[in-house]
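Please read it alongside the sequence and the structure shown here.

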Amino acid sequence: MSALLLHEYIERISHLLRTETRQAGADYDLQPIQLDALHFLNQANRYSNTPLGVTEYLGLTKGTVSQTLMALERKGLIQKSPDKKDGRIVHLNVTKVGRKLLRETLPSKTVLRVWSELAEAEQIQLTEGLQKTLKTMQRLNGMKPFGLCRTCRYNRKKSEGKFFCELTQENLSQADTELICREYQLSEEMGMGS
Ligand code: SF4
């Protein structure tokens, strides 16, 4: 095994997935980047489902993100809503049509097939290995990890189904804790993010 082999595997898997995403998106007149942004917004919490969140998560320019979001809104896949506390912030909510499109396109048919052919232990091992690779690459590239809220160091459980964010000082629901966040900080207990 070598670092070059790892690079080649990641590169080839990325190319194959990109081709599939392009084909899946084309059925709905969507470019891969538009599908990526829609997928992110469907997982993002209220601190992250903004144009800035999309920009940081996808590592794109503001201009590209702006065009992408306009296209999604024109197609009725997202809806804008102003923040209740700060009118300068706009939240981007995935519509019912957008969620249906995501259910029909992701995960890709090939990924589903690969997953079904792996034993449970292999699924866990592969997911953990890829997660570690992703977190390390994000750290080295200075990118935010966008981890899962329930594993964040600021997440405190108050009672059954009720949580509290110590960073934003706001209550969180059980559903909130299953979303990803741009303010996420790795919990030392967890060792890994999401
Ligand atoms: S607990 Fe962490 S991940 Fe959850 S909302 Fe607060 S900062 Fe974000």
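The model described here is predicted. Helix α2, residues 32–43, and helix α5, residues 96–105, have axes that come within 10 Å and cross at roughly 110 degrees. The pair α2 and α5 is therefore roughly perpendicular. On the α2 side, the contact involves Leu35, Leu38, His39 and Asn42, which meet Gly98, Arg99, Leu102 and Thr105 of α5. Sorted by class, this contact of α2 with α5 has three nonpolar, four polar and one charged residues.

Helix α2 also packs against helix α1, which spans residues 3–26; their axes come within 8 Å and cross at roughly 90 degrees. Consequently, α1 and α2 are also described as roughly perpendicular to each other. From α1, the residues Arg18, Thr21, Arg22, Ala24 and Gly25 take part, and from α2 the residues Pro32, Gln34 and Leu35. The class count for α1 with α2 is three nonpolar, three polar and two charged residues.

Helix α3 (residues 51–58) and helix α4 (residues 62–74) have axes that come within 10 Å, with a crossing angle of roughly 120 degrees. This angle makes α3 oblique to α4. The crossing of α3 past α4 is right-handed.

Which residues of α3 meet α4? They are Pro51, Val54 and Thr55, and their counterparts in α4 are Lys62, Val65, Ser66 and Leu69. By class, the contact of α3 with α4 comprises four nonpolar, two polar and one charged residues.

Strands of a sheet pair through backbone hydrogen bonds, in either a parallel or an antiparallel arrangement. In this model, three strands form an open sheet in the order β3-β4-β5, with antiparallel pairing. Strands β3 (155–159) and β5 (170–173) stand at the edges with a single partner strand each, so one side of each has no neighbour in the sheet. On average, neighbouring strands of this sheet are turned by 40 degrees against each other, direction ignored.

Strand β4, residues 162–165, pairs with β5 in the antiparallel sense over four bridges. Lys162 has Ser173 in β5 as its bridge partner, and Phe164 stands opposite Asn171 in β5. The hairpin of β4 and β5 has four residues between the strands, and in this hairpin Gln169 takes a positive phi near 60 degrees.

## Backbone exceptions

Most residues other than glycine have a negative phi, and most peptide bonds are trans. Besides Gln169, with its positive phi in the hairpin of β4 and β5, Phe146 has a positive phi of about 45 degrees although it is not a glycine. Phe146 lies in the loop between α7 (120–140) and β3.

Where is the cis peptide bond? A cis peptide bond joins Leu106 and Pro107, with omega of about -10 degrees. Pro107 is placed in the loop between α5 and α6 (109–117).

## The ligand surroundings

Asn45, Tyr47, Cys149, Cys152, Tyr154, Asn155, Cys165, Leu167, Thr168, Cys181, Glu183 and Tyr184 surround the ligand. By class, this shell has eight nonpolar, three polar and one charged residues.

Asn155 is part of the ligand shell and falls within β3 (155–159). Cys165 likewise belongs to the shell and lies within β4, residues 162–165.

Key:
Residues are numbered from 1 along each chain as its sequence is written. This is a predicted model: local features need pLDDT of at least 70, side-chain atom pairs count only at pLDDT 80 or more; totals for chains, interfaces and linings use all residues. A residue is near a molecule or strand if its C-beta atom, placed from the backbone, lies within 6 Å of it. Ala, Val, Leu, Ile, Met, Phe, Trp, Tyr, Cys and Pro count as nonpolar, Asp, Glu, Lys and Arg as charged, and the others, Gly among them, as polar. Axes are lines fitted to C-alpha atoms, for helices over the stretch in contact, and angles run from 0 to 180 degrees between N-to-C directions. Helices (H or I, at least four residues) and strands (E, at least two) are DSSP runs, numbered from the N terminus. Angles under 35 degrees count as roughly parallel, over 145 as roughly antiparallel, 65 to 115 as roughly perpendicular and the rest as oblique. A crossing is left-handed if the near helix is turned anticlockwise from the far one by less than a right angle, and right-handed if clockwise. Two residues are in contact if their C-beta atoms, placed from the backbone, lie within 7 Å. Two strands pair if DSSP finds at least two bridges between them.
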